[in-house]
Amino acid sequence: MQIIQPHYHAIARTAQDYERMAMSGVVAVAEPAFWAGFDRLYPETFIDYFRQISEFEPTRAAQYGIRHFSWVAVNPKEAENPTLTREVLKHFPEFFAKPTVLGVGETGLHKSTKNECDALEAHVAIAMQHGQLVLIHTPHLADKAHGTRRVLEVLAGMNVDRDRVWIDHVEEQTIRPCLDAGYWVGFTLYPITKCSPKRAVDMLEKYGSERILVNSSADWGPSDPFTLQECILEYRRRGHSLQEAIEVFHNNPCRFLGQNPKFDIRPIRVETLGEAPA
Amino acid sequence: MLSAEQVVETSFLEARHMLLEIAALLDRHDAAAARTGSRPDDARASAAAAKLAALREALGVLGEREPSRERTVALLELFARV
């Protein structure tokens, strides 16, 4: 089955992950900019990071037949430095012109401070000005519900095209208001700290598959890109058809990411040929 | 050996994860029962009902602040019945 991994931090992973993903049917990954594990101090550090994910990483993925796309952002954890954020934002347009950059992400909130909310608003504004897609990170664990509400409040005060905004890391307590407001949502599958494959399938069965993206994120922390395949297996084991699985794990990423014409992988449909067995 | 605080701090997220999986299992069961109805005369349904009752009883054991014996032993004996 062909799979798209719409949120994947490739620079934190080995080539072996690319190889195993390719062998398991992954045809494309999209890499948002994220936190490096420490707060970066210089705009130039971000610029080089954006060059890495928009220029170098596609060549590494291509060795395994995987298409690589990326996003640019200052991570919410680094938004407490507004001067740095402003300086980095000035460079976004030059990356929007790169052939594999899809938009702004992952922006969003961590502790939902005023500086974080200001940075989120600035990120969304520049994305909308330049016709870019937006990927929004919502906080983890105890801050999840409050942070998601604040994300929705910030977005509600802006002129945004909701079809072009993906609110990620939703869980059972945050999915409904995001879908009801007209945004795309993402389930992020982590071994321990985020959603699990089984819970993701529960939500797919409850809410349907429209405007839902499933991803593994997979970064330098405890994470595993193959939680996505685990989710597909759980989905199929519960009796959902191959085409239904393709709709969720391949075609939905095509539909959201394909709003940027640079993402040119199209939705697919499985067909049985009418040939008699030999 | 770990201190009492370290036991909680090192295992909290893992325990949270496992409890969420149990919560999701029970929600999944209730949603399926609402969708398909219960089949009280079906042998497989009654076996499943006994397992579900054991899970609920186990959750009660876990909630005891001062159990009379180790919770692990109590649960293993409980699950041996189904």
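## Briefing: the parallel sheet of chain A and its surroundings

Three bridges join strand 3 (residues 67-72) of chain A to strand 4 of chain A, and the two strands pair in the parallel sense. Two strands count as paired if DSSP finds at least two bridges between them; the strands themselves (E, at least two residues) and the helices (H or I, at least four residues) are DSSP runs, numbered from the N terminus. The model is a predicted one, in which local features need pLDDT of at least 70 and side-chain atom pairs count only at pLDDT 80 or more, while totals for chains, interfaces and linings use all residues. Residues are numbered from 1 along each chain as its sequence is written, with chains lettered from A and ligands numbered from 1 in the order in which they are written.

**The sheet of chain A**

- Chain A has an open sheet of eight strands in the order 1-2-3-4-5-6-7-8, with parallel pairing.
- Strand 1 and strand 8 of chain A stand at the edges with a single partner strand each, so one side of each has no neighbour in the sheet.
- From one strand to the next, the twist averages 25°.
- Strand 6 (residues 165-167) and strand 7 (residues 184-188) of chain A also pair in the parallel sense, over two bridges; here A:Trp166 has A:Trp184 of strand 7 as its bridge partner.

**Strands 4 and 5 of chain A**

- Strand 4 (residues 101-108) and strand 5 of chain A run parallel and are joined by four bridges.
- A:Gly103 of strand 4 is a handy residue to look at: A:Trp71 stands opposite A:Gly103, and A:Leu133 in strand 5 is the bridge partner of A:Gly103.
- Further along, A:Thr107 stands opposite A:Ile136 in strand 5 of chain A.
- Eight of the eight residues of strand 4 of chain A are buried, so this strand is largely enclosed by the rest of the structure.

**Backbone details in chain A**

- A cis peptide bond leads from A:Gly105 to A:Glu106, with omega near -5°, and A:Glu106 is found in strand 4 of chain A.
- A:Ser112, in the loop between strand 4 and helix 5 of chain A, has a positive phi near 60° although it is a residue other than glycine.
- A:Ser112 counts as buried because it has 21 C-beta neighbours inside 10 Å.
- A:Ala218 is not a glycine either, yet it has a positive phi of about 60°; its place is in the loop between strand 8 and helix 9 of chain A.
- A:Ala218 counts as buried, with 25 C-beta neighbours inside 10 Å.

**Helices of chain A**

- Helix 3 (residues 82-89) and helix 5 (residues 114-129) of chain A pack at an angle of about 10°, their axes 11 Å apart. That makes the two helices roughly parallel.
- Axes are lines fitted to C-alpha atoms, for helices over the stretch in contact, and angles run from 0 to 180 degrees between N-to-C directions; angles under 35 degrees count as roughly parallel, over 145 as roughly antiparallel, 65 to 115 as roughly perpendicular and the rest as oblique.
- Helix 3 brings A:Pro82, A:Thr85 and A:Leu89 to this contact, and helix 5 brings A:Asn115, A:Asp118, A:Ala119, A:Ala122 and A:Ile126. Residues are in contact if their C-beta atoms, placed from the backbone, lie within 7 Å.
- In helix 9 (residues 227-237) of chain A, the buried residues include A:Leu228, A:Cys231, A:Ile232 and A:Tyr235; their cover includes strand 1 (3-5), helix 8 (197-207), strand 8 (212-215) and helix 10 (242-257) of chain A.
- A:Glu247 lies in helix 10 of chain A and is buried, with 20 other C-beta atoms within 10 Å.
- Leaving aside neighbours within four places in sequence, A:Glu247 is in contact with A:Ser209 and A:Asn252.

**Chain B**

- The contact between the chains takes eight residues from chain B and six residues from chain A.
- Chain B is divided into domain 1 (1-37) and domain 2 (40-82), with bounds from an automatic or database domain assignment.
- The C-alpha centres of these two domains of chain B lie 15 Å apart.

Conventions:
Contact = placed C-beta atoms within 7 Å. Buried ≥ 20, exposed ≤ 12 C-beta atoms within 10 Å, placed from the backbone.
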